[in-house]
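Trainee: Could we go through this one together, one question at a time?

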Amino acid sequence: MIRVVVSAEPIDLADEMARAETGGAGAVATFTGLVRADAHDDGTVAVLELEHYPGATERALERLADEAAERWSLSAATVIHRVGPMRPGERIVFVATAALHRGAALEACAFLIDRLKTDAPFWKRETRGGAGRWVEAREADDAVAARWRS
Amino acid sequence: MKVLYFAWVREAVGVGEETVEPPAGVATVAQLIDWLATMSDGHAAAFADRTRLRAAVDQAFVPLDASIVDAREVAIFPPVTGG
């Protein structure tokens, strides 16, 4: 079962875990990303705001989840991404993958979070010390995502 | 053709979306960007550095030399930073 949600609502871990565990899985791997306070000279992050490309974002995430489900024979693949304003400590992204055994579940989970960072149209804007700035993309993320294409 | 802008590209242009009718001869994303850059100072500022721009045609990521012939929707934006 593929489940993709892009929403401003908080992520309910218990509900998402329970959904992933149905369907005959023997192993469920999950990843949760939290908003970091990221201290710098100009202060810590007060608010992180996520902008996205409605429609294209969901399509990109569904494509990745489909690819993971096929490549690792998953019984469930879940990708939940929050958009809008968030504060440090809040959940921004959640990935769950369910398979017969742990190897497939763990690999598929890593694949989804690595590729999501480069293949889905989201943009982060952080506010610290009263000033906002768009977060720059990291080349290291491209390199990590590229490993899964070989 | 509908053109969408996101993040700082949207802020520099001043709108998130506009409908444009590029002249014949504008056949790729890069050529569309060249043409859009002449529309206002905001457009020119947004599109000054091509290395910082990415694009999607009809909601699929493409390189800037991709065709826009028959495209309904082109989006121009900075490298993505989700996750």
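Trainee: Is B:V9 buried or exposed?

Mentor: Quick caveat: this is a predicted model, where local features need pLDDT of at least 70, side-chain atom pairs count only at pLDDT 80 or more, and totals for chains, interfaces and linings use all residues. Residues are numbered from 1 along each chain as its sequence is written, while chains are lettered from A and ligands numbered from 1 in the order in which they are written. A residue is buried if 20 or more other C-beta atoms, placed from the backbone, lie within 10 Å of its own, exposed if 12 or fewer, and partly exposed in between. B:V9 has 24 other C-beta atoms within 10 Å, so it counts as buried.

Trainee: Which residues is B:V9 in contact with, leaving aside its neighbours within four places in sequence?

Mentor: B:V9 sits in helix 1 of chain B; helices are DSSP runs of H or I with at least four residues, strands are E runs of at least two, and both are numbered from the N terminus. Contact means C-beta atoms, placed from the backbone, within 7 Å. B:F77 is 68 residues away from B:V9 in sequence, yet their C-alpha atoms are 5.8 Å apart. The contacts of B:V9 are B:A46, B:I76, B:F77 and B:P78.

Trainee: How many charged residues are on the side of chain B that touches chain A?

Mentor: Chain B puts 13 residues into the contact and chain A puts in 20. On the chain B side, helix 1 (7-13) and strand 5 (73-77) each give two or more residues. Ala, Val, Leu, Ile, Met, Phe, Trp, Tyr, Cys and Pro count as nonpolar, Asp, Glu, Lys and Arg as charged, and the others, Gly among them, as polar. Sorted that way, this side of chain B has nine nonpolar, four polar and, for charged residues, none.

Trainee: Over in chain A, which strands stand at the edges of the open sheet?

Mentor: Four strands form that sheet in the order 5-3-7-8, with antiparallel pairing; strands pair if DSSP finds at least two bridges between them. An edge strand has a single partner strand, so one side of it lacks a neighbour in the sheet, and here that goes for strand 5 (84-86) and strand 8 (131-134) of chain A.

Trainee: And what is the bridge partner of A:E49 in strand 7 of chain A?

Mentor: Strand 3 (residues 45-52) and strand 7 (residues 122-128) of chain A pair in the antiparallel sense over seven bridges. For A:E49, the partner in strand 7 is A:R125.

Note on methods
Contact = placed C-beta atoms within 7 Å.
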